[in-house]
Amino acid sequence: MAAAVTAAVSFPSSKSSSLPSRTSIISPDRITLKKVPLYYRDASASGRVVSIRAQVTTEAAPPAKVVKESKKQDEGVVVNKYKPKNPYTARVLLNTKITGDDAPGETWHMVFSTEGEIPYREGQSIGVIPDGIDKNGKPHKLRLYSIASSALGDFGDSKTVSLCVKRLVYTNDQGEIVKGVCSNFLCDLKPGSEVTVTGPVGKEMLMPKDPNATIVMLATGTGIAPFRSFLWKMFFEKHEDYKFNGLAWLFLGVPTSSSLLYKEEFEKMKEKVPENFRLDFAVSREQTNEKGEKMYIQTRMAQYAEELWELLKKDNTYIYMCGLKGMEKGIDDIMVSLAAKDGIDWIDYKKKLKKAEQWNVEVY
Ligand SMILES: Cc1cc2nc3c(=O)[nH]c(=O)nc-3n(C[C@H](O)[C@H](O)[C@H](O)COP(=O)(O)OP(=O)(O)OC[C@H]3O[C@@H](n4cnc5c(N)ncnc54)[C@H](O)[C@@H]3O)c2cc1C
Ligand SMILES: NC(=O)c1ccc[n+]([C@@H]2O[C@H](COP(=O)([O-])OP(=O)(O)OC[C@H]3O[C@@H](n4cnc5c(N)ncnc54)[C@H](OP(=O)(O)O)[C@@H]3O)[C@@H](O)[C@H]2O)c1
C-alpha cells in the first residue's frame with residue numbers, strides 16, 4: 001500500500017549555486033524520475049523551496065511490537081555492497097549551496113541517482129572516490145560522508161542518496177591556501193556528472209527501532225547529515241510499519257546564523273508536530289550564555305541540564321552525536337557534573353549506555 005506526503009525542502013538563495021533553475025536539476029538525456037512527480041515553487045524572498053512529493057510504499061504489517069532490539073543485529077542492513085575495487089557510478093541530480101554567501105565556509109547539499117542500487121538505512125554513510133590522482137600518481141583514496149537523506153531519498157523513490165558536504169579550505173603553515181581534495185571535488189560537481197561511490201557503511205548511527213523512544217540528536221555543522229535523514233523518516237514520510245510517536249530533540253551548533261543548515265525544513269517539522277519535536281540552535285559566533293561564554297552546542301545543552309539528565313535515566317532515551325571531534329569532550333564535561341549530583345560516575349554510566357546502544361557517536 002502506498003502513502004504520499006508532501007515535504008518542502010528549502011535552500012537559501014545563492015548566486016553561486018550550480019543549480020539556479022528548476023530545469024537544470026535533472027540531466028534530461030540520462031536521468032528520469034518518472035514514477036515520482038516533483039513540484040517546484042518559488043518561496044519567500046529568502047530562498048527557493050523545492051516541494052517534494054514522497055511516494056512511500058511499504059508492506060501491510062501490524063504495528064511494530066516494542067521490544068529492545070539491537071539495531072546492529074538487523075539482518076536487513078546492507079554494508080559494503082560496493083567497495084573501492086568494485087565501486088558504483090552514481091550521477092549527480094542536484095548540487096546546491098545551502099549556506100548564505102556571508103557564512104564562514106560553504107556547505108552544499110547534493111543528490112545522486114543510485115537507481116536503487118545502494119540500499120542504505122538512515123544513519124549510514126557512503127564512500128566517495130574523487131576523480132584524479134594524488135601526488136604519488138595513485139588514484140585518490142575514498143572519503144566517507146554521512147548520508148543526509150532518509151532511506152527513501154529526497155525524491156521518495158528509494159533511488160537517490162543525498163550528502164551534506166562542507167568545502168574544506170585552509171591556510172597551511174607556509175601561508176598557502178589548500179583545498180581539500182574530495183570535499184572540493186564534490187561541491188564543484190555539476191548536475192549530470194558521474195561520481196564514484198562505495199558503501200553503504202556504518203551501523204553506529206542507525207536509528208533505534210522503538211517508535212516511542214526519546215532521541216536526542218547533537219550535531220555540529222555537517223554533522224547534521226544523519227539527523228536530517230532520521231527526521232525526514234519521522235516527520236515527512238508515512239510508513240505503515242513505523243510511526244514515530246516519541247520525542248525527537250535536535251541541538252545544532254554552527255558558527256553563524258547564515259550557516260544554519262536545513263533550518264526551514266526543521267522549522268516546518270516543528271510546526272507540524274510540536275509535541276514530538278524540539279529544536280535548539282547554538283550559534284557560536286553570535287550568541288553567548290548568561291556568563292558571556294561562546295554558545296557551543298554543549299553550552300546550549302547546559303541550559304537544559306536537569307531535563308536532559310532525567311531523560312538519560314530512562315532506558316528508551318537514545319543520544320546521537322555527529323560532527324566535530326571536540327564536541328564529545330564538551331558534552332562529557334557537562335554530563336560528569338550532572339551524574340555526580342546523583343552519585344553516579346559518568347564514565348561508567350556512559351559505558352553502560354553505549355552497550356545498550358543508547359550513546360551513539362560518530363565524530364571526526
Ligand atoms: C564517518 C564519517 C562521516 C563523514 N561525514 C561527513 C559529512 O557528512 N560531511 C562532510 O563534509 N564531511 C564528512 N566527513 C569528513 C570527510 O570524510 C572528509 O574528511 C572531508 O570532506 C575532508 O576531505 P577532503 O578530501 O576535502 O580533504 P583532504 O584533501 O583529505 O584534506 C584533509 C586534510 O587536510 C588537513 N587539514 C584540514 N584542515 C586543516 C587546517 N585547518 N589546518 C591544517 N591542515 C588541515 C588535515 O591533514 C586533513 O587530514 C566524514 C568523515 C567520517 C569519518
Ligand atoms: N560522521 C562523522 O564523523 C562526520 C559527519 C559529518 C561531518 N563530520 C566532520 O565534522 C566537522 C563539521 O564541521 P563543519 O565545518 O561542518 O562545521 P562548522 O560549520 O564549522 O560548525 C562547527 C560548529 O562547532 C563549533 N565548535 C568548534 N569547536 C567546538 C567544540 N570543541 N565543541 C563544540 N562545538 C565546537 C564551531 O564554533 P567556532 O567555529 O565558532 O569555534 C561551529 O559553531 C567537519 O570536520 C566534518 O568533516 C564528521
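**Exercise 1. Determine how many aromatic pairs the whole structure holds, and classify the pair Trp346 and Tyr349.**

Step 1. A search of the whole structure, which is a predicted model, finds 14 aromatic pairs. Rings of Phe, Tyr and Trp (its six-membered ring) pair if their centres lie within 6.5 Å; planes under 30 degrees apart are stacked, over 60 edge-to-face, and the rest tilted.

Step 2. The ring centres of Trp346 and Tyr349 are 6.1 Å apart and the planes stand at 45°, so this pair is tilted.

Step 3. Both Trp346 and Tyr349 are buried (buried means under 20% relative accessible area, exposed over 50%, partly exposed in between, with a 1.4 Å probe and protein chains only).

Step 4. Trp346 and Tyr349 belong to one aromatic cluster together with Trp309 and Trp359.

**Exercise 2. Describe the salt bridge between Asp154 and Arg228.**

Step 1. A salt bridge requires a side-chain nitrogen of Lys or Arg within 4 Å of a carboxyl oxygen of Asp or Glu. For Asp154 and Arg228 the N to O distance is 3.0 Å.

Step 2. Asp154 lies in the loop between strand S7 (143–146) and strand S8 (160–166), and Arg228 in helix H2 (residues 225–236), so the pair ties together parts that are 74 residues apart in sequence. Helices (H or I, at least four residues) and strands (E, at least two) are DSSP runs, numbered from the N terminus.

Step 3. Asp154 is buried at 3% relative accessibility, and Arg228 is buried at 0%.

**Conventions.** Residues are numbered from 1 along each chain as its sequence is written. Side-chain values use heavy atoms, without hydrogens and water.

Definitions and conventions:
Chains lettered and ligands numbered in written order. Predicted model: local features only at pLDDT ≥ 70, side-chain atom pairs only at ≥ 80, totals over all residues.
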